[in-house]
Amino acid sequence: MIKEVLNIISLYTLPLIVVIIPLYAIFKKVPVYETFISGAKDGFKVGVMIIPYLVAILVAIGMFRASGAIDLLSAWLSPILNKIGMPAELLPLAIIRPLSGSGALGIMTEIASTHGADAFITKMAAVMVGCSETTFYVLTVYFGSVGISKFRHALYADLISDFASIVFAIIISNIAFS
Amino acid sequence: MGYIWVFLIVVSVIVAIINGRITEVTQAIVDNAKLGVEISLSLIGIMAFWLGIVKLAEKSGIVTFISKIVQPITNLLFPEIPKNHESLGNIAMNVSANALGVTNAATPIGIKAMQEMQTLNKHKDTATNPMCTFLAINTAGFQIIPASVIAVLVASGSTNPTEIVAPTILITLLGTIVAIITVKILQRFFPIKDEGKKDD
């Protein structure tokens, strides 16, 4: 039941928005086509604007992943994490989550195929991925789109709350799935 | 950001030397520089489309309407933004789109919100408090439908992929509260530096 409702919501939200907004605009006598075009013109500007910011951060993250630093970090931290009920295999996932969305989904797929889709560890991995964002990417794109290079406390605050989300994910998964 | 960026690069090279993975790291520079451009360019189409739709929402008064509805919450979270400012409506739409897992609409709307907040910014290269608060809420990732994760679970043959929905809602709700508290506390320790540039 819940599954069907969620499916319907995720299937129809987007088309519904795309229908309702232009219809309402016509009703309000807004020149729809001209207005749409004048907004859409900004798309190119934004896309080009974020290039240097995205190149800077993706290169740094790519180097970090290629160097094997994540495995090293995992090896150091795993004894501590085992004590709080987090399987050591999930640590690389936790480290990569704020850095790369596709990387995180990749690790999750790997965990699902080694342990099975219904395993406890897979569910915990899924919750961890679903509960946080690709923080570095989001900050880079959003700030980059308006030309901001001084983030002040944004990155620190977001990494602290990412960490909190992981802790919540571990605790609540342990309660919900075991 | 500068320190973390340099830290990532320096650590990568040192670890690569120890691990004997220097070729991989060098290759990663080339690949990811290319990836950065590819992602940016591939965003242009969908970005243009949603910025067009958002413009319609703006001109027809939908954004202002949403701004008014969410005012009790946004006044608390973004005291620096004037009442009924368009950015508030876009912030609300961005958070809703993310919550419903409509990511490709959420990003352009979020960027629109940033652009509007940027008009209130006196130091164009520096993040303002409302921007940081907005991004803290955004990256805390409040989710009702974790679409991409459910997709992976379905593809892996999970018997009950929507089982993760309830925990996800609870965790991201808690995470969002922590994010708001953290960002509000930290903002006191990161004042905007005035570098004696022209102030307009």
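**Helix α6 of chain B**

I began with helix α6 (residues 103-118) of chain B and checked its length. Helices here are DSSP runs of H or I with at least four residues, strands are runs of E with at least two, and both are numbered from the N terminus. I then looked at cover: 14 of the 16 residues of α6(B) are buried. Buried means under 20% relative accessible area, exposed means over 50%, and partly exposed lies in between, with a 1.4 Å probe and protein chains only.

**Ground rules**

I note that this is a predicted model, where local features need pLDDT of at least 70 and side-chain atom pairs count only at pLDDT 80 or more, while totals for chains, interfaces and linings use all residues. Residues are numbered from 1 along each chain as its sequence is written, chains are lettered from A and ligands numbered from 1 in the order in which they are written, and side-chain values use heavy atoms, with hydrogens and water left out.

**Chain B as a whole**

I counted secondary structure next. Chain B has nine helices and zero strands. Its pattern along the sequence reads α-α-α-α-α-α-α-α-α. The C-alpha atoms fill a box of roughly 60 × 55 × 35 Å, taken along the principal axes. Of the 200 residues in chain B, 52% are buried. I also looked at contacts, meaning heavy atoms within 4.5 Å. Among those in chain B between residues at least 6 apart in sequence, 60% join residues at least 24 apart.

**Helix α9 of chain A and its partners**

First, α4 (residues 51-66) and α9 (residues 135-144) of chain A: their axes come within 9 Å and cross at roughly 165 degrees. That makes α4(A) roughly antiparallel to α9(A). Axes are lines fitted to C-alpha atoms, for helices over the stretch in contact, and angles run from 0 to 180 degrees between N-to-C directions. Under 35 degrees counts as roughly parallel, over 145 as roughly antiparallel, 65 to 115 as roughly perpendicular, and the rest as oblique. The crossing of α4(A) and α9(A) is right-handed. A crossing is right-handed if the near helix is turned clockwise from the far one by less than a right angle, and left-handed if anticlockwise. From α4(A), the contact uses A:Tyr53, A:Leu54, A:Ile57 and A:Ile61; from α9(A), it uses A:Phe136, A:Tyr137, A:Thr140, A:Val141 and A:Gly144. I sorted these by class: seven nonpolar, two polar and no charged residues. Ala, Val, Leu, Ile, Met, Phe, Trp, Tyr, Cys and Pro count as nonpolar, Asp, Glu, Lys and Arg as charged, and the others, Gly among them, as polar.

Second, α9(A) and helix α10 (residues 154-177) of chain A: their axes come within 10 Å and cross at roughly 150 degrees. This pair, α9(A) and α10(A), is thus roughly antiparallel. The crossing of α9(A) and α10(A) is right-handed. A:Thr135, A:Phe136, A:Leu139 and A:Phe143 of α9(A) meet A:Ala154, A:Leu155, A:Asp158, A:Leu159 and A:Asp162 of α10(A). The classes here are six nonpolar, one polar and two charged residues.

**Residues of chain B that touch chain A**

I checked B:Met1, in the segment before α1 (2-19) of chain B. B:Met1 is partly exposed, at 24% relative accessibility. Beyond its neighbours within four places in sequence, B:Met1 is in contact with A:Ile57, A:Phe136, A:Ser149, A:Phe151 and A:Leu155.

I then checked B:Thr168, in helix α9 (residues 165-186) of chain B. Its relative accessible area is 0%, so B:Thr168 is buried. Leaving aside neighbours within four places, B:Thr168 is in contact with A:Gly130, A:Cys131, B:Gln143 and B:Pro146.

**Loops with positive phi**

A:Lys29 is not a glycine, yet its phi is positive, about 60 degrees. A:Lys29 lies in the loop between α1 (2-27) and α2 (32-40) of chain A. At 75% relative accessibility, A:Lys29 is exposed.

B:Asn84 also has a positive phi, near 65 degrees. B:Asn84 sits in the loop between α4 and α5 (86-99) of chain B. At 33% relative accessibility, B:Asn84 is partly exposed.
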